[in-house]
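Hello,

Here is the structure I promised to hand over. My notes follow below it.

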Amino acid sequence: MKFSRMFLPTLKEAPSDAEIVSHMLMIRAGMIRKIAAGIYNYLPMGLKVIKKVENIVREEMNKAGAQEVSMPIVVPSELWQESGRWDIYGKELLRIKDRHQRNFCLGPTHEEVVTEMVRKEVRSYKELPLNIYQIQTKFRDEIRPRFGLMRGREFIMKDAYSFHATEEDAEREYQNMYDTYCRIFERCGLKFRAVEAETGAIGGRFSHEFMVLADTGEDSIASCNKCSYAANVERAETKMQGSGVRGLPSNVSIGGQGSEKERPLEKVSTPGMKTVEEVSGFLKTTPQKLMKTLIYNSDKGVVAALVRGDYELNESKLKRLLDAQWLNLADEETVRKTTNAPSGFAGPVGLKDRGQGAGVRGLPPQSLSGGQNNTNLKIFADYNVQTIVNGITGANEADAHFINVNIDRDFTIDSYADLRIAADGDLCPRCDGVLKIFRGIEVGHVFKLGTKYSEAMDATFLNEKGQGKPMIMGCYGIGIGRTAAASIEQNHDEKGIIWPMPLAPFHVHLIPVNVKDKPTMDVAESIYKNLMNAGLDVLMDDRDERAGIKFNDADLIGIPIRLTIGSKALKENSVELKMRNAADASLIKIDDVSKKVLEIIEQADRVGVITATRLP
RNA sequence: CGGGGCGUAGCGCAGCCUGGUAGCGCACCUGCUUUGGGAGCAGGGUGUCGGAGGUUCGAAUCCUCUCGCCCCGACCA
């Protein structure tokens, strides 16, 4: 391709709305252009990279026995009604009507459609297993699209769905896909980690996210420094942190604030002090002494959840504990009704007695007007709350807290559970290692679905005994555009993108320094033809521009191999070769160019293929 | 959805407070010089100042409404 003919608008400055490096560079390198919030045009350079990722994914999926199909983007509401998701799926599902006022949606994922496709045709266990995939544009009406292709509304995704007669076979395929994903991301040249992810109702270890490690990632992952345990922090288990001091191993499993004697409960004035920092600072103590009381609203009713002041509550864990469909931090009004105090002063002491007209044990009765009956309110606590002796909680009264609060003496907890978000320095739940928190970009997800959709949509088959059974399903997604963006996050410098060979839009960037110099152009044209004939993608910058402009554009675009043809080297029958990921250039004889370039590419391709790892 | 901000040339921005000929840098077009790391000189403005309404002799500027976008938060198979 000749640069002068290519639709490749490079930019010296990035638009002000680009925040992260991959977004800025994709725009500056002429790969994408925004058309609306979270919706982009892919220009030739961008599409070439997308196609590279797609092809790697396609090759590995085919090799793994999956079959490519294409499903519609516009999906009739009936299928979504059948699965029950039409009403459950939030506003992310873009619903549209056709001219007959019939409901459709833009597919954000295709479980319904693929289940419909398979249930119509498959009757017998003999026709299973099946793994069907597509690489296709999806639409999710994200609340806040950002970061370019990283979190768009319209995006390209590879989604695969497998169907099985037995649990064992579904699990075999899960491992097959896990291994395939490892190969795919290795071939893409990415540094990644497969981590345990939320499994929701399915449970078990059959959900892994593939995370590309990058500081700009939107997800946090906890990874053990000793064993192979790695999990999304949403999911990461925690274990008792011994003496109550974070990160210090200890044999003490309970009552960690140790030998401290229980002191009498006391109410203190804490005007305007709401946050853990404010309260602990005001009372001259540490956040570890605080029992943070969070009031949640859910389909299972209002609940209170306690975590130690220095930890964060993990909503996913609470949701799972309650087996709730939805869960939200209670609004101000609910907090007032439940605690009879503005938010920031909730506490477990006397919380269940609200509205009963009873005072708090050991303290005079107080006005409870506006309170409601809380007898059925459940109080849950994270395990580590047990370590608190003489703790501090809100007093369910504006501008007041209790100090010297002790569990069982002053209030009771309905149930303890692992409810907090894993933190850096936590003990590993599997070994005696320590967890470290990394940021990651989720580029892939493998998930065992079970029979959720096959049961809801009656996708059954006959087994050996002639019994009708729901098919057991798995689903496996890869964000194509996100993978390309993640690669840029990992591979760039201050000048621009540094493409790994497998994703590079071109193999070679040819720069004739002076296009008006005939000897230069003769050599350039001949190298260009030779490399093209060898089957390589070559971009030749034939523009009549100054060298600086061409070099800067080359660095920005990030093609791995740069060949510069200039008059100095030509005198020695040579051209200059520079790798984008190297600091220095070298001279090679013109006759050796093809051979040398092919060598480099062959070597780069080989590096990508590493043996896939097994499930930890 | 809550809070904050922005919309002026292709991109980045000034002008707005205090109403009076629409500007700067880069990019772009023409010519000459230059040609190995974003050149120099000369000439050229390519604009519905997001849109609609209002105030005014006069609105990019003041007021009202509206659309779009961005940031923080909430939310997120």
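A polar contact here is a pair of N or O atoms within 3.5 Å; within protein, one must be able to donate a hydrogen and the other to accept it, and residues adjacent in sequence count only if both atoms are side-chain atoms. By that rule, the side chains of Glu60 and Lys63 make a polar contact of 3.2 Å.

Some ground rules. This is a predicted model: local features need pLDDT of at least 70, side-chain atom pairs count only at pLDDT 80 or more, and totals for chains, interfaces and linings use all residues. Residues are numbered from 1 along each chain as its sequence is written, chains are lettered from A and ligands numbered from 1 in the order in which they are written, and side-chain values use heavy atoms, with hydrogens and water left out.

Glu60 sits in helix 2 (residues 44-63). Helices (H or I, at least four residues) and strands (E, at least two) are DSSP runs, numbered from the N terminus. Glu60 counts as buried because its relative accessibility is 2% (buried means under 20% relative accessible area, with a 1.4 Å probe and protein chains only). Beyond its neighbours within four places in sequence, Glu60 contacts Thr180, Arg183, Ile184 and Arg187 (heavy atoms within 4.5 Å).

Five strands form an open, mixed sheet, in the order 28-27-29-30-31 (strands pair if DSSP finds at least two bridges between them). Strand 28 (538-540) and strand 31 (585-589) are at the edges; each has a single partner strand, so one side of each lacks a neighbour in the sheet. Thr564 stands opposite Glu576 in strand 30.

Best wishes

Note on methods. Buried < 20%, exposed > 50% of the residue type's maximum accessible area, 1.4 Å probe, protein only.
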